[in-house]
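Subject: Two-chain model, handover and notes

Hello,

Here is the structure I said I would pass on. My notes follow below it, grouped by region.

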Amino acid sequence: MRGNKRKILIVDDSELNRALLADMLSDRFDILEAENGMEAMTILHEHELEISLMLLDIVMPVMDGFDVLAMMNQKGLIKSIPVIMISAETGGSYIDRAYDLGAIDYISRPFDERTVIHRVTSNFMLTVKQKEMSDMLSEQIYEKEKDNSLMIEVLSHIVEFRNGESGLHVLHVHSITEMLLEQLMKKTDKYPLSVKDIRMISNASALHDIGKITIPSEVLNKPGRFTPEEFEIMKRHTVEGAKMLDDIPFRKNELLVKIGYQICRWHHERYDGRGYPDGLKGDDIPIAAQVVSIADVYDALTSERCYKKAIDPDAAIKMILGGECGAFNPLLLECLTDIAEALKKELSLISFGHATEGGIRDTVKEVLKNSGPEASARSIKLVERERMKYKFLSDISREIIFEYIAMPEMIQLSEWGAETLGVPIKIINPAENEQWISVVAPEDYRDFLEKIKKSTPENPVVTGKYLMNIGGEKKWNKVIAKALWGDSENPEFEGAIGKIVDINDETAAMEYLEQQAEHDSRTGLLNHNAAKKRISQLLYENKGKKRYALAMFDVDNFKQANDVYGHLFGDEVLEEIANRIRENIRSTDIGVRMGGDEFIIFMEYKDSAEPQIKRIFEHLTVKFRQFDVGVSMGVACAENFDGDYETLFNMADAAMYTVKRNGKNSYCFYTDEMRDCLGKTRQ
Amino acid sequence: MNVRECYAAMGGNYDEVFSRLRTDERITKFLFRVLEDKSFDLLTESLAAHNMEEAFRAAHTIKGVCMNLAITKLFESSNKLTETLRGRSEYGEDIEPLLAQVKEDYALTLDCIRALQ
């Protein structure tokens, strides 16, 4: 950051005013300018971390100063970027409204150089100071906390290792204590505890068994039952622990030490007064000790120990509620029942690794790493570096990379992407931007937004295929994007990043292959397989709604033509027939070469198919060079027809057979009398 | 014509602007930018098209600039027009004399600034 001048954003619709302010401030600051609120938001989005202060006019086109303040509030920017109003509006209500929206100062016109510099610099210093102080403070607090809990952890692990326990117990008791206290605060205000108190008690809970260090290990680690004498020795760990804390020569008055004392001494007291060492009863037992007591019992029950197996959490709670493990404050028992489910989850998450020595070493490392006043400046630098990397990579990759920002709505493209699409790098309000609309059809853009907004934080990636207009050509493109969801509890849709990939050549190749697979190479008509699919589909979709005729024919004396005039001529005849079919059917009709000299025409008709069939027949049977073309055509009508393609095909075939039997070169419609020939002619 | 004479001629307050902007050089630099400013054209065009909102903003901008450069005469007429246009959705005849005054003052201001060159 050093050596770089701090950046100031000047937002005013009058260029002259911006220039005047820039002129006054450019010695001390780097100046960014925006001529309306929308531009300002765009710049904020991009340079959020670098902008130290903003000078904001009120009356502006597109988006005015109040809207900018409102949006900055919404995005939480108002707290990190100080805003000084510079409007020519001097009405009190205007100024009040700006202050209410979070502006920190107001420079009235006319601008006075000394006033401007002074206000900007002092406000700037103030916020910088504030920020640095709060950073420093929070880092110090953080470190102190870490040190504290680190020491406590070390201490309690010594106890536990000696005790032959895993070390998880301390962590579990910590979590249970914290959760119980939080639940207790929700339930009642009987015990006035602050968030800080709760943290303190949870931390101090780790100390509950430090007195055990004074207990001889043959007693402490005895697997079987204690004799009454041994039990008396064991009981002493409460008083001994408290004494250790009481004997600390310095800092006896620290809250942590005081609470630790209570916990050590009284975590084996009972609510009914029959516990030890002092036989305190009810709320004479400090709440800290009461809570740790119940936490200790719960964890002891649900964990494996040298003398017992782990008990299932539900059963453990039943035992505690049933009074089998001591007498507790009824309120705390309620709390325990309330958090039972959450507790199961929480405790299963506390891993063994966390409690090992390595874990502690990591904590120390982390503390060391995070110290120093440079930490926050460094994180800003890191973010800047990431952005630089991203920009470089997106610029050199020959891909259209984009970022979509939901509020204010805009699209930002990589340099190459913008160039390829022929649009600006930044497109504000794309739905109404003519350049953008000319590339992406509005309905496609809407479709994409719907898709991406329907995604979830768990499944944020969506894809879509769209026909885009790039450089005056319609091209197929695939859009792959990842939605960006906020990280709050109810994540909000914030935007998306993604890329647009040209799949036009790919799609064209696929289409060509499909075309190839579906068509007969000699005549270019559909082949039988493809035709079957399409016709079946049409029959199925329009059952009872549309009338269709299927005409099947072959060329009379084709074999003879082949023999007399040669195969090449035969091929020419087939091509000619195909052309005649194409010329005489509509684009919605289907012309098919079944194979050899057999063809099919499938078409829709209104009242009667006869006129169409007659016309087609006449056109087909025109003489081709020296060859008298004749065809035998059978026609089947799908009218009130419930069958499939095969049925219709067989009907037409039977009709064709009838024509052949009656001397060829004619057409005839299928009638029920032909039923006998159905499906037989081709066997 | 020097800067002080220019201010006297166009009805501005030289002493005031000098105390704020500190040098003749800077004052001159920004006076010249008034010549390039499009707000006046925007004002007349918007009023002709009865686009009241745009007209208000343009008048407001002229007023703000004049305030900054202590061009008092044009400030006063543009300020009156701005207040008349504030919140207006329809054109009215009462605007015409105010616009005429702004036009006159604007022309004078431009002439004086040009005489500086």
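At what angle do the axes of helix H6 (residues 72-85) of chain B and helix H7 (residues 95-116) of chain B cross? They cross at roughly 155 degrees, and the axes come within 9 Å. Angles over 145 degrees count as roughly antiparallel, and H6(B) and H7(B) are therefore roughly antiparallel to each other. The crossing of H6(B) past H7(B) is left-handed. On the H6(B) side the contact is made by B:Lys73, B:Leu74, B:Ser77, B:Ser78, B:Lys80, B:Leu81 and B:Thr84. The residues they meet in H7(B) include B:Leu98, B:Leu99, B:Val102, B:Asp105 and B:Tyr106. Sorted by class, this contact has 7 nonpolar, 5 polar and 3 charged residues.

Before the rest, a word on confidence. This is a predicted model. Chain A has a mean pLDDT of 83, with 86% of its residues at 70 or more. Over residues 351-375 of chain A, pLDDT stays under 50, and the model has 23 contacts beyond four places in sequence for that stretch. Where pLDDT is low, the predicted coordinates should not be read in detail.

Interface between the chains

In the model, 15 residues of chain A are in contact with 18 residues of chain B. Helix H1 (residues 15-25) of chain A supplies 5 residues, the largest share of the side of chain A that touches chain B. That side of chain A has 8 nonpolar, 2 polar and 5 charged residues.

Helix pair in chain A

Helix H9 (residues 228-246) and helix H10 (residues 255-266) of chain A have axes that come within 7 Å and cross at roughly 165 degrees. H9(A) and H10(A) are therefore roughly antiparallel to each other. H9(A) passes H10(A) in a left-handed crossing. From H9(A), the residues in this contact are A:Thr238, A:Val239, A:Gly241, A:Ala242, A:Leu245 and A:Asp246. Their counterparts in H10(A) are A:Val257, A:Gly260, A:Tyr261, A:Cys264 and A:Arg265. The class count for this contact is 6 nonpolar, 3 polar and 2 charged residues.

Sheets in chain A

One open sheet has 5 strands in the order E2-E1-E3-E4-E5 (chain A), and its pairing is parallel. Strand E2 (30-34) and E5 of chain A are the edge strands, each pairing on one side only. Within this sheet, strand E3 (residues 51-56) and strand E4 (residues 83-85) of chain A run parallel and are joined by 3 bridges. A:Leu56 has A:Met85 in E4(A) as its bridge partner.

Another open sheet has 6 strands in the order E8-E7-E6-E11-E10-E9 (chain A), with antiparallel pairing. Its edge strands, strand E8 (426-428) and E9 of chain A, each pair on one side only. From one strand to the next, the twist averages 25 degrees.

At the E9(A) end, strand E9 (residues 461-470) and strand E10 (residues 473-485) of chain A pair in the antiparallel sense over 10 bridges. A:Asn469 is placed opposite A:Lys474 in E10(A). The hairpin of E9(A) and E10(A) has 2 residues between the strands, and A:Gly471 there takes a positive phi near 55 degrees. E10(A) also pairs with strand E11 (residues 493-502) of chain A, in the antiparallel sense over 9 bridges. Here A:Ala483 stands opposite A:Ala496 in E11(A).

Which helix lies across E9, E10 and E11 of chain A? That is helix H20 (residues 442-454) of chain A, which runs at about 170 degrees to E9(A).

Backbone points to check

- A:Arg109 and A:Pro110 are joined by a cis peptide bond with omega about 0 degrees. A:Pro110 is in the loop between strand E5 (105-106) and helix H5 (113-162) of chain A.
- From A:Tyr276 to A:Pro277 the peptide bond is cis, with omega near 5 degrees. A:Pro277 is in the loop between H10 and helix H11 (287-302) of chain A.

A positive phi also occurs in a residue other than glycine: A:Arg625, with phi near 50 degrees. A:Arg625 lies in the loop between helix H25 (610-620) and strand E16 (631-638) of chain A.

Regards

Methods: Residues numbered from 1 in each chain as written. Chains lettered and ligands numbered in written order. Predicted model: local features only at pLDDT ≥ 70, side-chain atom pairs only at ≥ 80, totals over all residues. Contact = placed C-beta atoms within 7 Å. Helix = DSSP H or I, 4+ residues; strand = E, 2+ residues; numbered from the N terminus. Nonpolar A, V, L, I, M, F, W, Y, C, P; charged D, E, K, R; others polar. pLDDT = per-residue confidence, 0-100. Axes fitted to C-alpha atoms, helices over the stretch in contact; angles between N-to-C directions. Parallel < 35°, antiparallel > 145°, perpendicular 65-115°, else oblique. Left-handed = near helix turned anticlockwise from the far one by under 90°. Pairing = 2+ DSSP bridges.
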